[in-house]
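Please keep the sequence and the model in view while reading.

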Amino acid sequence: MRKKILVIAAFLTGLAVTLSADVIPKGETHIRQLTKRDSILIADRLAYGFTLTEVPDSEKVALPVLEGDLGENLLMLPGWQVDTLKTYKARRDAPVRRDIRAEILLQAFDSGTYRLPPLSAARIRGEVIDTLVFVPSTIRVETMPIDTATFVMNDIKGQMTIPVTFREIAPWLFGGLVLAALVALAVILIVRHRRKTAPKEEEPAHIVALRKLDAYRGDKFWEPEKQKLFYSGVTDALREYILARFGVSALEMTTAEIFKELEGKEGIPEELRGELKDLFERADYVKFAKFTATREENASVLPLAVNFVTSTYQAEVEKEVDDVL
């Protein structure tokens, strides 16, 4: 019984020592083809490296510096590519272990068999450094096989053309339409602005006056309740004409002041000026004294106003002709 107990105790002690001891990482070199072909051709890139399994998380792995030419036609691209393939634990309280893959890229530019250099890695545990050296590999690089029995030399093919799709031109088409719409809108706004700000050509004073007087033609304004509007409209049109034609500020003057200024003006017959003064005085009575004019007086208003405008304008034209002659 004591022997069985001792054997079991020795077995458990050895098992504990084994579980607590560091497991030396295992690994192997490999050549991994990056292009999906069933053979290796010239200029294909290959991944050359090694894998380490069961590397404790507490350890570090150092890699040598490899770069440059490995021969006349074999190039090693600088820089290691290191990936963690797997992370796991042997048990819950055990340290984390990893499977690591380290690779460099190779590229051959001639056919033949190449012996690759051996790879190594340094395993660092505190101040202890172990070096792992992997057995070198060889690689066979081949050219594109040519069947000389059926081979026919052909001309160099022209550059491949790919048709343009609507999806490709849609952004440019839409952008062009938007740009054209913006340009058209800008042109319309500029034209409108210029039309608004452009100085309008002024009409002759007699044309403006006759158009305004024409609005009071007929007897619809002769009713007593409309006479004030009638006489005010006619005399206001005449005041504006007098201002434009003779330079007299008739809009701001009384009747007496207006005709005092007109006394020295050429082109106004004395009889016509007297009749016009009677019209303005009657308009003052209608507007301010509630005077009601007769139909005969109302009928004479518009012809008198039109006669004053046309007569004075005609006199101005005749004066200009005389000045030219």
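**From a hairpin to the helices**

In the hairpin formed by E8 and E9, 2 residues lie between the strands, and Gly 126 adopts a positive phi near 70°. This is a predicted model, in which local features need pLDDT of at least 70, side-chain atom pairs count only at pLDDT 80 or more, and totals for chains, interfaces and linings use all residues. Residues are numbered from 1 along each chain as its sequence is written, and side-chain values use heavy atoms, with hydrogens and water left out.

Strand E8 covers residues 119-125 and strand E9 residues 128-134; the two pair in the antiparallel sense over 7 bridges. Strands (E, at least two residues) and helices (H or I, at least four) are DSSP runs numbered from the N terminus, and two strands pair if DSSP finds at least two bridges between them. E3 is joined to E8 by 3 bridges. Arg 123 illustrates the arrangement: its bridge partner in E9 is Asp 130, while Arg 123 is itself the partner, in E8, of Val 61.

Two packed helices are described by the angle between their axes and the distance between the axes. The axes of H3 and H4 come within 9 Å and cross at roughly 180° (axes are lines fitted to C-alpha atoms, for helices over the stretch in contact, and angles run from 0 to 180 degrees between N-to-C directions). H3 is therefore roughly antiparallel to H4, a term for angles over 145 degrees. Residues of H3, including Ala 209 and Leu 213, meet residues of H4, among them Val 234 and Leu 238.

Which residues touch the most other members of the largest nonpolar core? Among its 32 residues, they are Val 234, Leu 238 and Phe 308. Such a core is a set of buried Ala, Val, Leu, Ile, Met, Phe, Trp, Tyr and Cys residues joined through side-chain atoms within 4.5 Å, where buried means under 20% relative accessible area (1.4 Å probe, protein chains only). H3 (205-214), H4 (227-246), H5 (255-262), H6 (270-288) and H7 (295-324) each supply at least two residues of this core, and H4 gives the most, with 8. A second, separate core of 21 residues includes Tyr 48 and Phe 134.

Key
Buried means under 20% relative accessible area, exposed over 50%, partly exposed in between (1.4 Å probe, protein chains only). Angles under 35 degrees count as roughly parallel, over 145 as roughly antiparallel, 65 to 115 as roughly perpendicular and the rest as oblique. Contact means heavy atoms within 4.5 Å.
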